[in-house]
Amino acid sequence: MDNRPSHHRLVRIRSSRCEPPGQRRLPIREIGGAHVRIGLLTEGGYPYVSGDARLWCDRLVRGLGQHEFDIYALSRTRRQEDEGWIPLPPHVTRVRTAPLWTADDDGAGHGRRARRRFAECYEELAGAVCAGSDDQADRFAGALYGLAELARDEGGLVGALRSETAVRALERACRAPAALRAAREARVPELLTVAALLERALRPLSLDWYEDDGLGSADLCHATAGGPAALSGLLARHFCGVPLLVTEYGVQLRSHYLAAGAAEDAPSVRALLAAFHRRLVGEVYQRAAILTPGNAHARRWQERCGADRARIRTVHPGMEASRFAEVGEAPDRGDPDTLVWVGRVEPAKDLVSLLHAFAEVRRAEPKARLRILGAPAGAEGRAYLGHCRALAAQLFPDEAEGVHAVGDNPVSFEEIGAPEAPTLADAYASGAVVVLSSVVEGFPISLVEAMFCGRATVSTDVGAVVEVIGGTGLVVPPRNPRALAESCVALMRDPERRERLGAAARARALELFTVEQNITAFHSIYLEIVAHCPVRRVVLDDAGEPLPFAAPAEAHIPGRWTGSPARAVARGGPGWASDTPVRGARLATSEGAR
Amino acid sequence: MTGLGELDPPGTPGSTGAWDTRSEEWLAGDGDADLADETESPRDPGVPAEADAAARTSPAADPEDGKDRRPAARRGAADPVKSLMHRHRELCERAVDPLEIAAGLEAHGVTDRTAARFRHRDVFSLAEEMYARVPRDAEPRPRPTPAAAPRARADWALLALLPGVLCAATVAGLHLTHGRTRFFVAAGGVLAVSIGVRAAFRRGPLAVPPGTHAWRSTAHTRAWTWWLLAYALLGDGLLGAVLAGGPDDLPNGTTDGPWPLTAAPVLALTLACAPAAWSAHLFAAYARRRLAASRGLEEFSAAVQPLLLGTFALFLCALAALAALSGTALDEPALYPETLALGALLLLARLLTVHHQPHTAFLALAAAAGAEALAPGLVLIGHLPGCSFLAVAVQTLVDHWGAGGVPTLACAAAALTLLWHATRALSRASAHAPTGEQT
């Protein structure tokens with residue numbers, strides 16, 4: 001690693017600092033203590049006003065006031081950057097942002113040696129991406145770090161990645177004998193597209209964050225998503241030895257596949273990009289000290305892409321429980337004949353199936369009513385809502401109490417905030433049973449809210465529903481109105497069971513899905529990481545001299561006393577020595593390998 | 001059902017064809033109707049005969065069992081994965097890797113529990129089977145339609161005429177006015193032409209793509225360009241005056257004063273903005289078409305090089321014609337070598353700037369401008385005692401080729417260098433890559 005100061009002058013993607021250089025604080029050296037300095041890596045999220053998952057990050061940062069946070073944010077669009085940040089708590093000591101949406105070619109031309117270095121690295125990278133076999137992880141990682149070192153030493157990576165050298169290397173790799181089937185069909189426009197997209201994906205390599213006063217000063221890096229944020233963390237780990245924690249509430253690779261499936265790119269482009277992202281994700285999962293998927297579904301994807309089970313801790317997202325406390329603790333005031341559905345109206349929620357199920361419920365319980373509460377999502381959602389209203393009007397004629405009363409439909413479509421349902425908690429409280437009829441679901445937030453309200457629930461078996469509900473509600477297969485109806489009727493006729501299930505659901509939600517458990521889980525994971533994988537730094541005294549014996553000797557013992565000690569190999573050692581260690585000793589060796 | 005899973009384990013088929021034939025027969029036939037046929041059909045070597053029989057007589061696979069409410073049974077599919085593939089056939093055909101199918105299936109609500117119905121452990125292994133079973137016949141995929149080549153548009157085509165028109169108006173104004181008015185006309189004309197040139201290069205084939213590095217570095221390039229044009233207008237007169245011991249007076253806007261103007265080359269060059277835009281458009285459009293049609297980078301380069309030379313020659317012809325025209329109109333000598341050399345240099349520099357090579361263009365322009373500035377400078381220094389040897393080279397050049405020899409030589413050398421560079425740089429595919437900028 002080249003640490004000469006003269007090599008740090010090149011600023012590749014310019015990033016902003018929130019504090020002037022004079023006020024920059026020196027790193028805090030309480031490694032392993034209760035005070036941890038966390039480099040929080042985000043992409044298109046916190047602290048931007050329009051960011052994804054900013055609420056979760058904000059709660060995490062505010063909840064862990066005893067630690068220190070440095071935020072490194074990658075913005076996604078110019079609009080996002082213009083909209084500004086949300087207010088930050090005082091223990092956020094630094095915010096550095098960098099745009100990923102602009103190709104900031106610094107115009108630094110490479111010299112002959114740098115060009116050769118680039119050509120070698122890119123050739124390797126392209127070869128690893130295009131190769132049909134799956135044993136290219138080492139080659140890919142070597143090439144990736146080679147490019148990162150080149151960007152750090154010489155700059156000018158953005159221009160180089162779009163240069164003819166890169167396109168030619170890609171062409172050679174695609175025409176190689178063992179290349180992917182789809183890659184062999186790549187023509188010139190496809191090669192150019194792939195080169196441009198790879199340049200986009202590799203922009204974090206050009207950031208000026210991986211220095212001793214940047215991410216190097218953090219005790220651990222917490223990437224709040226996969227993708228570019230995790231790549232930054234990976235590079236910080238490579239350059240500065242900072243352990244990496246990756247939280248994924250949605251699997252980045254999966255969203256990449258879904259986005260690529262919708263795009264109209266040529267098959268060769270999609271195949272090459274998919275291979276690149278798969279290898280990159282594999283490298284991130286291999287090198288991360290701990291992975292925290294948000295649910296079992298994300299966890300399965302991570303395991304599938306090569307993450308070690310021993311380093312995965314599922315941390316469920318937390319939700320604010322206090323606004324449901326009143327409803328959850330009060331005795332059941334809900335109308336025993338009312339079913340409630342709450343959520344955003346969109347086709348994936350399968351309200352049609354819910355209406356058909358309700359038709360069957362009405363046959364068994366003629367007094368039953370259904371309240372559908374929620375706003376439509378987008379134009380498609382509005383069209384779907386109209387369709388559902390029409391269907392409800394067809395299935396259920398308006399009915400009245402007597403001959404002189406004005407009639408009403410047993411199915412009502414309302415929005416939260418209307419007089420009948422002023423708050424979300426009131427909406428849940430108004431019914432006996434909360435129903436979820438989705439055919440596609442990620443983490444079912446409305447189900448968790450119903451659980452907080454102590455409601456009995458009937459839901460379809462999709463996404464993380466079974467994992468969330470445990471045994472505290474009824475689960476039926478999706479697209480099965482009859483089963484849904486039978487379960488609803490069973491619950492409507494049995495108030496005691498409803499009460500039991502509701503209480504159990506509330507207890508389960510309070511145990512698993514509160515903000516506090518989320519923050520506590522991350523707190524203990526932070527401490528675990530700094531205890532297990534401390535950053536090796538030379539500690540300086542007041543005069544700036546290295547302080548001998550500042551770190552106790554036992555902190556340097558790589559791995560376990562009794563483990564396989566031969567696996568502790570310095571970086572740059574032979575590749576076979578650090579590859580595929582024995583399970584169980586893996587965590588230790590990955591630290592020792594630095 | 002017990003033991004069925006062990007008998008007929010899901011797995012990647014040994015041969016796609018055999019599986020497909022068999023499952024198609026199962027789909028087409030109605031249960032036991034084609035039992036005899038079934039025994040004759042090619043059989044997957046990995047599946048024993050008993051397993052097949054068991055699979056067909058199992059309740060899940062039996063289409064006769066009309067009372068069973070399970071959809072798979074109701075639809076009579078003996079091979080549930082086959083019908084799943086049929087339902088998601090677009091996904092399967094598009095998928096480049098099993099994980100893409102897995103992601104797509106999950107987006108359609110398939111979970112591990114669903115996958116268990118297809119006798120798979122999870123969605124991933126189900127997706128793997130589906131990926132392996134997608135028929136990949138030799139039928140080539142339809143080529144994606146190439147991105148539409150840039151079309152000629154009225155806005156830039158008209159704007160490209162603007163500098164020439166403004167320059168002609170200015171020259172006419174200079175001829176019609178005298179004294180102070182002429183000075184104001186000249187100043188206004190220069191301003192108008194510079195605005196016109198900027199407007200002409202703001203859009204169309206000669207516009208620099210926004211957001212690139214080139215976009216910021218063009219300020220220097222623009223300064224040198226104006227210097228070169230100014231020399232074409234005033235330089236010959238200046239050099240003559242300096243050699244004669246002057247200049248004694250500022251230029252008065254005529255061709256016969258002590259510091260005469262040479263307006264014909266400048267008029268020809270501003271008029272040539274239109275042919276320059278058209279030749280750049282031709283080059284870009286044809287290169288884009290070649291790009292979509294080329295299989296390899298070498299093929300593309302070989303096709304684009306003659307194209308570049310062709311459009312360049314076309315532009316030179318147009319420029320020569322314009323030079324003759326403006327010479328006749330202004331009743332001045334046409335000064336072909338000067339005009340052609342400078343025009344060639346400016347076109348090549350602009351093409352390189354547009355195609356992501358601004359640095360080289362800047363260097364060539366700066367070198368030519370520097371050489372032109374050096375000539376009168378050397379002569380002036382040569383007036384100093386003891387330095388007369390410095391002016392000898394310039395004097396000799398002017399004696400042989402006239403005052404126009406200096407800019408001709410400087411621009412021609414720079415243009416030739418650029419031409420040599422451009423034939424390599426502009427025939428690369430990366431020079432024609434679309435800039436996918438987001439804002």
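Residues 307–328 of chain B are 100% helix and 0% strand, with end C-alpha atoms 32 Å apart. Helices (H or I, at least four residues) and strands (E, at least two) are DSSP runs, numbered from the N terminus. The model is predicted: local features need pLDDT of at least 70, side-chain atom pairs count only at pLDDT 80 or more, and totals for chains, interfaces and linings use all residues. Residues are numbered from 1 along each chain as its sequence is written, and chains are lettered from A and ligands numbered from 1 in the order in which they are written.

The stretch 307–328 of chain B is among those annotated "transmembrane region" in an unreviewed UniProt entry. UniProt positions follow the numbering used here, feature names are shortened, and annotations may be inferred rather than shown by experiment. Another annotated stretch of chain B is 226–246. Residues 226–246 of chain B are 86% helix and 0% strand, and their end C-alpha atoms lie 24 Å apart.

Chain A holds 22 helices and 13 strands. Of its 594 residues, 48% are buried (20 or more other C-beta atoms within 10 Å; exposed means 12 or fewer, partly exposed in between; C-beta atoms are placed from the backbone). An automatic or database assignment sets the domain bounds. Domain 2 of chain A spans 112–188 and domain 3 spans 322–512. Their C-alpha centres are 53 Å apart.

The contact between the chains takes 35 residues from chain A and 35 residues from chain B. Two residues are in contact if their C-beta atoms, placed from the backbone, lie within 7 Å. Helices 6, 8, 10, 11 and 12 of chain A each supply at least two residues of the chain A side. That side has 18 nonpolar, 5 polar and 12 charged residues. Here Ala, Val, Leu, Ile, Met, Phe, Trp, Tyr, Cys and Pro count as nonpolar, Asp, Glu, Lys and Arg as charged, and the others, Gly among them, as polar.

A nonpolar core is a set of buried Ala, Val, Leu, Ile, Met, Phe, Trp, Tyr and Cys residues joined through C-beta atoms within 7 Å. The largest has 222 residues, of which A:Leu147 and B:Leu345 touch the most other members. Helix 18 (residues 336–354) of chain B gives the most to this core, 12 residues.

Most residues other than glycine have a negative phi. A:Asp350 has a positive phi, near 55 degrees. A:Asp350 sits in the loop between strand 8 and helix 14 of chain A. A:Asp350 counts as buried because it has 24 C-beta neighbours inside 10 Å.
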